[in-house]
Amino acid sequence: MLTRSILSARTFAGIVNIEARLYRTKSITFCRPTRRLYTVNAQCSNVGEIIKQWSQRFENEGVPEPVESIEYIVAHVLGIKKPVNLTFAKHEELTLDQCNKLETLCECRLSRMPVQYIIGEWDFRDITLKLVPPIFIPRPETEILVDFVLKRIGASQNSRQEVLEVGCGSGAISLAIAHANKTVNCVAIDTNRQACELCMENRDALDLKNQVHIVHATVTDNGTVQLSDILSGSENLDLNSKTFDFIVSNPPYICTHQIPALEPEIKIYEDLRAINGGDDGLKVIKPLLKYAAAALKPGGRLFLEVDASHPEYIKFFTEKYPNFKLQYEHTYKDFCNFHRFVEVLKIA
């Protein structure tokens, strides 16, 4: 049973061995129920009965993780932070308003809307992030990536650490790093302005304004950064001349032909442009390697979340282009024992 992420990459890694990310600007239409698909009794049963009834309904309809789904929804309706605390509320009866809200949200789940979008927030490490479609839902595997970065930061002798996140989405990586280590100055960039704005909202809620600056920008095919707008930070920021101690990214890395095999929760509600890494899944990773070669300080490190087939190419790239002075260091595994994270060192 998952405790912190419904629809994590682990849910479908065994099918297509992939996870998903996003960036999209076009809006998602929220589910707007036109009829009641299922109704609890007129008195609105107690919490225990509601969980039993709706989990069965979800299971019958093929909704993944039916019990976890209804537990999160019920907890949200009751204003309970952690679903585990429902144990103490199983005999509690819902009000009529709560029943109506519950039924509407459950119908959204039957429409395969991710639970994270339904309740509007999700935990990542020790922070809580606001989430709205189509901004990427952080997966628990990415917490491993953050752990590796924080370990390297902790081992550094520098009094301040300059970190760049490419493809920040809701801000999960940058904000988790900054929240955990006050020596960090982060620049978080995303090609989707909507994602940048959500990242800034989450940053402000976590009181990290002085540590995390947000920029609407894109790493182009030639390995440079195209700036659209600086939402926060110095107006003189030049990402094509500034150097960093660490660059971290969970870029789109799914091969185009694998996308039809993804769950409806991803295909319908998350941004396919953020998921689609092109024919080989390296559409963003290749330019990012070029950019890192110029933007990392000597001794700096690039951390990437990738498809299990990509570490071999990244190692090949660093050996083929020695003038970039990038050295493949290590590949780390995820919860499912797949090769998922790559560490690259900038040599002097």
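This is a predicted model: local features need pLDDT of at least 70, side-chain atom pairs count only at pLDDT 80 or more; totals for chains, interfaces and linings use all residues.
**Notebook: salt bridges and a helix pair**

I started with glutamate 201, which counts as partly exposed because its relative accessibility is 39%. My scale: buried is under 20% relative accessible area, exposed is over 50%, and partly exposed lies in between, with a 1.4 Å probe and protein chains only.

Residues are numbered from 1 along each chain as its sequence is written, and side-chain values use heavy atoms, with hydrogens and water left out.

**The whole protein**

I looked up the overall make-up and got 12 helices and 10 strands. These are DSSP runs, numbered from the N terminus: helices are H or I with at least four residues, strands are E with at least two. Of the 348 residues, 57% are buried. I then checked contacts (heavy atoms within 4.5 Å). Among contacts with a separation of 6 or more, 69% are between residues 24 or more positions apart.

**Salt bridges**

How many salt bridges does a search of the whole structure find? I got 22. To count, a side-chain nitrogen of Lys or Arg must be within 4 Å of a carboxyl oxygen of Asp or Glu. The background is simple: side chains of opposite charge can pair when their charged atoms come close.

Back to glutamate 201: what does it form a salt bridge with? The partner is lysine 130, and the closest N and O atoms are 2.8 Å apart. Glutamate 201 sits in helix α8 (residues 193–205) and lysine 130 in strand β2 (residues 127–130), so the bridge ties together parts 71 residues apart in sequence. Lysine 130 counts as partly exposed, at 34% relative accessibility.

Next I looked at glutamate 265, which forms a salt bridge with arginine 112, with 2.7 Å between the closest N and O atoms. Glutamate 265 is in helix α9 (residues 264–269) and arginine 112 is in the loop between α4 (96–110) and α5 (115–119), so this pair ties together parts 153 residues apart in sequence. Are the two buried or exposed? Glutamate 265 is buried at 1% relative accessibility, and arginine 112 is buried at 15%.

Glutamate 270 and arginine 139 meet in a salt bridge too, at 2.8 Å from N to O. They link distant parts of the chain, 131 residues apart: glutamate 270 is in the loop between α9 and α10 (272–275), arginine 139 in the loop between β2 and α6 (141–155). Both are buried.

I noted one network as well: salt bridges link Lys81, Lys82, Glu121 and Asp123.

**Helices α2 and α4**

Two packed helices are described by the angle and the distance between their axes. The axes of α2 (residues 47–60) and α4 come within 11 Å and cross at roughly 25°. Which residues meet here? From α2 I listed Ile50, Trp54, Arg57 and Phe58, and from α4 Leu102, Glu103, Cys106, Arg109 and Leu110. They divide into six nonpolar, no polar and three charged; Ala, Val, Leu, Ile, Met, Phe, Trp, Tyr, Cys and Pro count as nonpolar, Asp, Glu, Lys and Arg as charged, and the others, Gly among them, as polar.

Notes
Axes are lines fitted to C-alpha atoms, for helices over the stretch in contact, and angles run from 0 to 180 degrees between N-to-C directions.
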